[in-house]
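Subject: Structure handover

Hi,

Here is the structure for you to look through. Please open it first, then read my notes below.

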Amino acid sequence: MEKAIIHWNSKLAKLILPRKFIAITFGKQIFIKRMPEEIEELSRERLLRHEKKHSEQYARYGFIGFLIRYLILWIKYGYKDHPLEIEARLAENSSLDHYEA
């Protein structure tokens with residue numbers, strides 16, 4: 001699998017994300033509102049694992065397929081019980097690799 005590319009201090013993330021969210025992933029691109037040093041190390045690692053899982057989900061379903069699936073499941077389950085978010089939260093405790101800053 002190709003490495004995910006991380007965009008720290010992302011203007012895109014700042015523009016489109018609600019205040020309570022810090023990152024969004026599109027394909028293998030991860031956009032994060034803050035700089036790495038602004039996020040506590042353990043939280044930063046968990047965040048990267050979470051977003052990497054979304055990158056893997058894009059690879060699994062295809063770019064458009066992921067977006068459609070995500071939207072349908074979000075309408076059905078909301079954020080907390082969203083199956084793709086549950087999978088990403090479970091990944092937060094896995095090993096950290098496949099990243100480029």
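This is a predicted model: local features need pLDDT of at least 70, side-chain atom pairs count only at pLDDT 80 or more; totals for chains, interfaces and linings use all residues.

**H2 and H4**

Look at helix H2 and helix H4 (residues 83-91). Their axes come within 8 Å and cross at roughly 130 degrees. The crossing is right-handed. On the H2 side, the contact is made by Arg49, His50, Lys53, His54, Gln57, Arg60 and Tyr61. They meet Leu84, Glu85, Glu87, Ala88, Arg89 and Ala91 in H4. By class, this contact has 6 charged, 4 nonpolar and 3 polar residues.

**H2 and H3**

Next, take H2 (residues 41-61) with helix H3 (residues 63-77). Their axes cross at roughly 110 degrees and come within 6 Å. H2 is therefore roughly perpendicular to H3. This crossing is right-handed. H2 brings His54, Gln57, Tyr58 and Tyr61 to the contact. H3 brings Phe63, Gly65, Phe66, Leu67, Arg69 and Tyr70. The classes here are 6 nonpolar, 3 polar and 1 charged.

**H3 and H4**

How do H3 and H4 lie, roughly perpendicular or oblique? The axes come within 8 Å and cross at roughly 100 degrees. H3 and H4 are therefore roughly perpendicular to each other. Phe66, Arg69, Tyr70, Leu73 and Tyr77 in H3 meet Pro83, Leu84 and Glu85 in H4. This contact has 6 nonpolar and 2 charged residues, with no polar ones.

**The largest pocket**

Now find the largest pocket. Its volume is about 600 Å³. It is lined by 24 residues, and the closest to its centre are Phe21, Ala23, Tyr70, Tyr79 and Glu85.

By class, the lining has 15 nonpolar, 5 charged and 4 polar residues.

Best wishes

How values were computed: Residues are numbered from 1 along each chain as its sequence is written. Side-chain values use heavy atoms; hydrogens and water are left out. Axes are lines fitted to C-alpha atoms, for helices over the stretch in contact, and angles run from 0 to 180 degrees between N-to-C directions. Helices (H or I, at least four residues) and strands (E, at least two) are DSSP runs, numbered from the N terminus. Angles under 35 degrees count as roughly parallel, over 145 as roughly antiparallel, 65 to 115 as roughly perpendicular and the rest as oblique. A crossing is left-handed if the near helix is turned anticlockwise from the far one by less than a right angle, and right-handed if clockwise. Contact means heavy atoms within 4.5 Å. Ala, Val, Leu, Ile, Met, Phe, Trp, Tyr, Cys and Pro count as nonpolar, Asp, Glu, Lys and Arg as charged, and the others, Gly among them, as polar. On a 1 Å grid over the protein atoms alone, a cavity is a set of points where a 1.4 Å probe fits but cannot get out, and a pocket is an open set with protein on both sides within 12 Å along at least five of seven lines; lining residues have an atom within 4 Å of a point. Grid points are joined across faces, edges and corners, and a volume is the space filled by probe spheres set on the points.
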